[in-house]
Amino acid sequence: MSTDGGGSLLVAWQLTSKHVLIIGGGDVASSRIESVLVANARVTIICPRTGLHPLAEKFVDGPYQITYHDRTFGGADDLTGVDMVLTAIDDVAQSRIISTLCRERKIPVNVADIPEACDFYFGSRIRDGPLQILISTNGQSPKLANLIKRRIEHSLPEGTGKAIERVGELRAKLKERAPGVGGQVSKRRMKWMVDVCTSWEMEELAALDDAMMQKLLDDGWEHNTVPRPGAVGGIRKRAERTGTTPFSLDAFAVPSLAFAAGAAMAIILFATRTRRF
């Protein structure tokens, strides 16, 4: 990883029940609306009805958490109680005024096409269920970000999102069985989950059901092994290999990543590996 400056901090911003104000209703604003609705935000849109893109109009008239005002931005009062502002209008001077008002009130703001007026950027996003991948060029080349996005999309095996959902369920069951934060139990949980993710194919992880998870925990976790899918009721996509995969806790080096990140990254890395078979 490079430590050179000039980058941005990439984070997964939790917007559930947060109030997001979107000023504008054109093509760019429509994509912003879609992005924040997916994140379960409460959305307010300010834009004259005549300026609404068909997709924005669909959102406004649909069954969504949206408050709509058929008018232009009215000033600082429109920012009361707002947690984030996204503006996508053609008026550059007005956009800069909105950015200044937001920054004075410490409200994070994104202004379309004016990078210096933004506190954060939107990138090209890949989503498959819980899997979200952001490709950012730090505001320099949205088109290249889109091209890179397509390449990554084509490299992901089918069912990646479903596999992550199933691994998340397995992780939750494991934490119920072996609770605790930190210490040897936490290290062992992380190691075992990583071994499961790297030992099973993506399609096999996606096919996990409750009965298979139960048997995987009973026959695998309790005996410090990772059974093959066929041993717990699954069907391997490749030729079945016999035996189980033991692991040594003494040989395990604790990653600095959080548990969820470790499991998710293992899946993504494994997805790339499977493309070479």
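User: Where should I begin with β4 and strand β5, and in which sense do they pair?

Analyst: Strands of a sheet pair through backbone hydrogen bonds, either parallel or antiparallel. Here β4 and strand β5 (residues 109–111) pair in the parallel sense over three bridges. Strands are DSSP runs (E, at least two residues), as helices are (H or I, at least four), numbered from the N terminus; two strands pair if DSSP finds at least two bridges between them. Within this pair, Leu 86 stands opposite Asn 110 in β5. From β4 the chain reaches β5 through helix α3 (residues 92–104), in a right-handed β-α-β crossover: with the strands pointing away from the viewer, the path from the first strand over the helix to the second runs clockwise.

This is a predicted model: local features need pLDDT of at least 70, side-chain atom pairs count only at pLDDT 80 or more, and totals for chains, interfaces and linings use all residues. Residues are numbered from 1 along each chain as its sequence is written, and side-chain values use heavy atoms, leaving out hydrogens and water.

User: What is the strand order in the open sheet?

Analyst: The five strands run β3-β2-β1-β4-β5, with parallel pairing. β3 (66–69) and β5 are the edge strands, each pairing on one side only.

User: Are the side chains of strand β4 buried or exposed?

Analyst: In a regular strand the side chains alternate between the two faces of the sheet. In β4 (residues 84–87), Met 84 and Leu 86 on one side and Val 85 and Thr 87 on the other are all buried, where buried means under 20% relative accessible area, exposed over 50% and partly exposed in between (1.4 Å probe, protein chains only). Thr 87 is also the bridge partner of Ile 23.
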